[in-house]
Amino acid sequence: MTHTTSAPTLVWFRDDLRLADNPALAAALAQERPLILLYVLDEATPGLRSLGGAARWWLGRSLAALAADIERAGGSLLLRRGPADEVLRDLVREAGVVSVHWNRRYDAGAIALDRRIKAELTRAGVEVTSHSATLLHEPWTLRTKSGGPYRVFTPFYRAAAPLGPRRIVPRPEALPPGPDLPGDTLAAWHLEPAQPDWAGGLRASWQPGEAGAHEVLRGFLDHGIHGYAERRDRPDSEHTSRLSPFLRFGNLSPVQALAALHHAAEAGEALGRDVEKFRSELYWREFSYHLLFHNPDLATTNVNHRFDSFAWRDDGAFERAWRRGRTGYPIVDAGMRQLWQTGWMHNRVRMIAASFLIKHGLVDWRRGEAWFWDTLVDADPANNPASWQWVAGSGADAAPYFRIFNPMLQGEKFDPDGAYVRRFVPELAELPADVIHQPWRAKPEVLARAGVELGTGYPRPIVEHGAARERALAAYHRSGEE
DNA sequence: CGATCCTTGGC
DNA sequence: CCAAGGATC
């Protein structure tokens, strides 16, 4: 084999930062040519949404891990920055690339860019192949009997699940070296914050990359999955998978997660109900991408256009209090502070916090979506907007608008001992469980004993729940009359 | 087409 | 008890 003398194949990594189960990498390897492994930091192409701060941190860590994994296998990761079409055009010319492989993306900006690059390179005589890697099923393969895309989860799931995912592609044992090409250093991209360094909580919470993904997956299938169906809703317990950021950046594929889940189920390590529940959660991710593919402007436009005339309030003070975790509703504030500290929020609390911004504050869901986009390590172009629209009531298969979460009841139901609130809202740590979700109702001596000074220390509720609820229902009915 | 169903409640 | 209305077969 003459790897070093023949023309190279290029693998362009994007949302698939792993070596195992990577169809583009495997197909490129099978060509037995010198291999260029590329990542492009593209902050210049119009229509591509720039990563938020937390996601940039995750990307930096993932690339460091990927580069190390690649080097251990004998290859090297090339880093270049700029508009991806220009970067690829230059690199192809510079290195005499004859074949390019990548795994597909599904947001409109990326689809348009990839299509343009593919057309240009093909015209130039380069073979370009895209692969399915990031989803269990390609969105265009699922249609209702009447021919349209699914808009309700359950029929989607019933149609998709029996199809079964593609086969897992093995992890390559060795990577051939590629040509020596000039590239950027990761440090020069400044993906991790320096001044100020706000990422301490993220570093303490996560180990991005492929090895970290498998460690979390293993831990989840050994422990968290037991009782998952019931306890996944409890923010005070460790029964969620915490796989979302790994799936977002492709440190792990959903195909790998599903296969590991089935393996655990067959080995009798997990109960059917828990397995089924987690499987359906993987398919919720799938459904979000399906919605994104069929609604390219999911992050900016109401899926249900009845909401286009909704009179959102412009309330900077309310939004700031929400972002900082100072609404005076402990379960909301705990969630918002968990988000800021760790780059992640428990799913149940995401719903409560999102509902609070939208319904108690009447703030446009896009404002909340943008904040989550900037602060979540798992922020992706599908799940984030789809979930915000779900809470707002404007999305597909959405919660009805009149379903307004009661933050006290939700707190008491899902964090009954207050352990989650105590962890993230230390001002309230000494309050007894029976008042921790509504401290304003505690007797003065109880507050004093706990060292809580409402108003000066922990805030009083920014809105009264009952009044806010009535206001939201009235706004909804007004909107419906137009 | 009419029947049935629909992630995540609140009062 | 209340609260719509659309998706799907």
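Me: Which atom of DNA strand B is 3.4 Å from an N or O atom in the side chain of Trp284?

Reply: A base oxygen. That makes a polar contact, which is a pair of N or O atoms within 3.5 Å; within protein, one must be able to donate a hydrogen and the other to accept it, and residues adjacent in sequence count only if both atoms are side-chain atoms. Note that this is a predicted model, where local features need pLDDT of at least 70, side-chain atom pairs count only at pLDDT 80 or more, and totals for chains, interfaces and linings use all residues. Residues are numbered from 1 along each chain as its sequence is written, chains are lettered from A and ligands numbered from 1 in the order in which they are written, and side-chain values use heavy atoms, with hydrogens and water left out.

Me: What does the side chain of Arg348 sit 2.6 Å from?

Reply: A phosphate oxygen of DNA strand B, reached by an N or O atom of the Arg348 side chain.

Me: Which helices each supply at least two residues of it?

Reply: H5 (153-160), H11 (272-294), H14 (347-360), H17 (407-414) and H20 (465-481). Helices (H or I, at least four residues) and strands (E, at least two) are DSSP runs, numbered from the N terminus.

Me: And on the DNA side, what share of the atoms within 4 Å of the protein is sugar or phosphate?

Reply: 62%, with the rest belonging to bases.

Me: Changing topic. How many salt bridges are there in the whole structure?

Reply: 29. A salt bridge is a side-chain nitrogen of Lys or Arg within 4 Å of a carboxyl oxygen of Asp or Glu. One of them joins Arg56 and Glu43, with the closest N and O atoms 2.5 Å apart. Arg56 is in helix H2 (residues 53-72) and Glu43 in the loop between strand S2 (35-41) and H2, 13 residues apart.

Me: Is Arg56 buried or exposed?

Reply: Buried, at 19% relative accessibility. Glu43 is partly exposed, at 39%. Buried means under 20% relative accessible area, exposed over 50%, and partly exposed in between (1.4 Å probe, protein chains only).

Me: What about Asp197, what does it form a salt bridge with?

Reply: Arg203, with the closest N and O atoms 2.6 Å apart. Asp197 is partly exposed at 39%, and Arg203 is partly exposed at 36%.

Me: Which residues are linked in a network of salt bridges?

Reply: Arg14, Arg105 and Asp114.

Me: Which residues line the largest cavity?

Reply: Among them are Asp15, Arg104, Arg105 and Tyr289. The lining divides into 4 nonpolar, 1 polar and 4 charged residues.

Me: Arg104 again. Which side chain makes a polar contact with that of Arg104 at 3.0 Å?

Reply: Ser130. Ser130 is in strand S5 (residues 127-131) and is buried at 18% relative accessibility.

Me: What counts as a cavity?

Reply: On a 1 Å grid over the protein atoms alone, a cavity is a set of points where a 1.4 Å probe fits but cannot get out, and lining residues have an atom within 4 Å of a point.

Key:
Near = heavy atom within 4 Å. 1 Å grid on protein atoms, 1.4 Å probe; cavity = no way out; pocket = protein on both sides within 12 Å on 5 of 7 lines; lining within 4 Å. Nonpolar A, V, L, I, M, F, W, Y, C, P; charged D, E, K, R; others polar.
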